[in-house]
Amino acid sequence: MSGAEAVSAGGWEAAEYRIEDLAHASGATVRTIRSYQDRGLLPTPERRGRANVYRGTHLARLRQIADLLDRCYTLASIKELLDAWDTGRGLEGVLGLVAEVHGPWTDERAARITRAELAEKFGGVADEQSVAEAVELGVLEPVPGHDDEFLVPSPQELAVAAELYAAGVPLTAISGQLRELRGQVEQIASRFLEFTTEHVFARYLGHRPPTDADAADAASMVRRLRPLAQQTVDAELARAMRLFATRHLDHHLAADGPGPSVPAVRGRGAVALPGATIEAVERLVGRDHVAEFVTAATEREVNKRALDTLASSTLQS
């Protein structure tokens, strides 16, 4: 009896397979199935005469193993998880935790781009060396069967690179900066994970594998804490950029010699402007109104940038 006939006659779990049929249905090889049996990953099949008979439960188990392998679990770890399932401790919560951790950590959606579109973004000429480096960094991913097309996991990251290139930053400098930045961000992520594991997740992971209930609670906690790392980094990066950008601005403005200072804008410190700038403003509005004019112009620029950012984020969403 074939697997399909058994399914129609007695339901999915009652389906019967010869090992060759099971290999075809699961995508595993006959050799792999026998190896899993030897390791205790698959239940022992029913023996009928000289043949082994497998059922739908064997097919389901093979699919579970394939899914966990895709998530980078070792066979030893998979054995522990499946043993827990077989002894009644449950696997549903653990698989839910695995799915939560391996799920998307950003709302950004991947996109596709052709080589022609990519060249247009970066000066109109295809740079194969830069493309290869972008693939190595994971900024671009080749699409199997489509040599002229790439998957873009983070369109925002590619857009930043295009803006920097348009501003005059060489592609080699952009990729070098990304490598350096990635190493620093990975350190932050590792430290945040250690921190949350020590103070939050340790109580859920006391068993190997964790119980079904603990795994489900841990998955729920991952959902709650997932955005916190990015929110913290965003806030701290904004603070640091404001701090260092102000210092750089003060340094470069002071290079022409100290000029009259403009009063604080919305609580920010005074900034010394070059003498030529002050003179131009004096000719325009008079000496008595220089500070008032520069303050108003600064506030107008700040407000404009805030509105531009808000409009851009609204259009992207």
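Select Glu236 and Arg239. These two form a salt bridge, with their closest N and O atoms 3.1 Å apart. A salt bridge here is a side-chain nitrogen of Lys or Arg within 4 Å of a carboxyl oxygen of Asp or Glu. Side chains of opposite charge can pair when their charged atoms come close. Both residues sit in helix H11, three residues apart, about one turn of the helix. Helices (H or I, at least four residues) and strands (E, at least two) are DSSP runs, numbered from the N terminus. Glu236 is partly exposed, at a relative accessible area of 41%. Arg239 is partly exposed too, at 39%. The cut-offs are these: buried is under 20% relative accessible area, exposed is over 50%, and partly exposed is in between (1.4 Å probe, protein chains only).

A word on what you are viewing: this is a predicted model, where local features need pLDDT of at least 70 and side-chain atom pairs count only at pLDDT 80 or more, while totals for chains, interfaces and linings use all residues. Residues are numbered from 1 along each chain as its sequence is written, and side-chain values use heavy atoms, with hydrogens and water left out.

**Stay on helix H11**

Now select Met241. This residue is also found in helix H11. Is Met241 buried or exposed? It counts as exposed, because its relative accessibility is 53%. With Met241, they make a nonpolar surface patch of about 370 Å². Patches are made of residues with over 30% relative accessible area and no salt bridge; like charges are joined within 9 Å, and nonpolar side chains (Val, Leu, Ile, Met, Phe, Trp, Tyr) within 5 Å. Accessible areas come from the Shrake-Rupley method with a 1.4 Å probe; for residues, only the protein chains shown count as cover. Which helix gives the most to this patch? Helix H11 (residues 212-253) does, with three residues.

**Over to helix H10**

Select Phe192 and Phe195. Both lie in helix H10 (residues 171-199), three residues apart, about one turn of the helix. The count of aromatic pairs is two. In this pair, the ring centres of Phe192 and Phe195 are 6.5 Å apart and the planes meet at 45°, so the pair is tilted. The rule: rings of Phe, Tyr and Trp (its six-membered ring) pair if their centres lie within 6.5 Å; planes under 30 degrees apart count as stacked, over 60 as edge-to-face and the rest as tilted. Phe192 is partly exposed, at 26% relative accessibility. Phe195 is partly exposed as well, at 42%.

Next, select Glu133 and Arg179. Their side chains meet in a salt bridge (3.4 Å, N to O). The pair links distant parts of the chain: Glu133 is in helix H8 (residues 128-137), Arg179 is in helix H10, and 46 residues separate them. Arg179 is partly exposed, at 37% relative accessibility.

**The three-stranded sheet**

Select strands E1, E3 and E2. They form an open sheet in the order E1-E3-E2, with antiparallel pairing. Strand E1 (16-17) and strand E2 (46-48) stand at the edges with a single partner strand each, so one side of each has no neighbour in the sheet. Two strands pair if DSSP finds at least two bridges between them. E1 and strand E3 (residues 51-55) pair over two bridges. Zoom in on Tyr17: opposite this residue stands Tyr54 in E3.

Now pick Glu16 and Arg48. They form a salt bridge, the closest N and O atoms being 2.8 Å apart. This pair joins distant parts of the chain, from strand E1 to strand E2, 32 residues apart. Glu16 counts as buried, at 14% relative accessibility. Arg48 is partly exposed, at 38%.

Select strand E4 (residues 111-114) and E6. They pair in the antiparallel sense over four bridges. Ile113 has Phe150 in E6 as its bridge partner. Val143 stands opposite His146 in E6. In the hairpin of E5 and E6, two residues lie between the strands, and Gly145 takes a positive phi near 85°.

Finish on Glu149, in strand E6 (residues 146-152). Glu149 counts as buried, because its relative accessibility is 18%. What does Glu149 touch, not counting residues up to four places away in sequence? Its contacts (heavy atoms within 4.5 Å) are Arg112, Ile113, Thr114, Pro142 and Val143.
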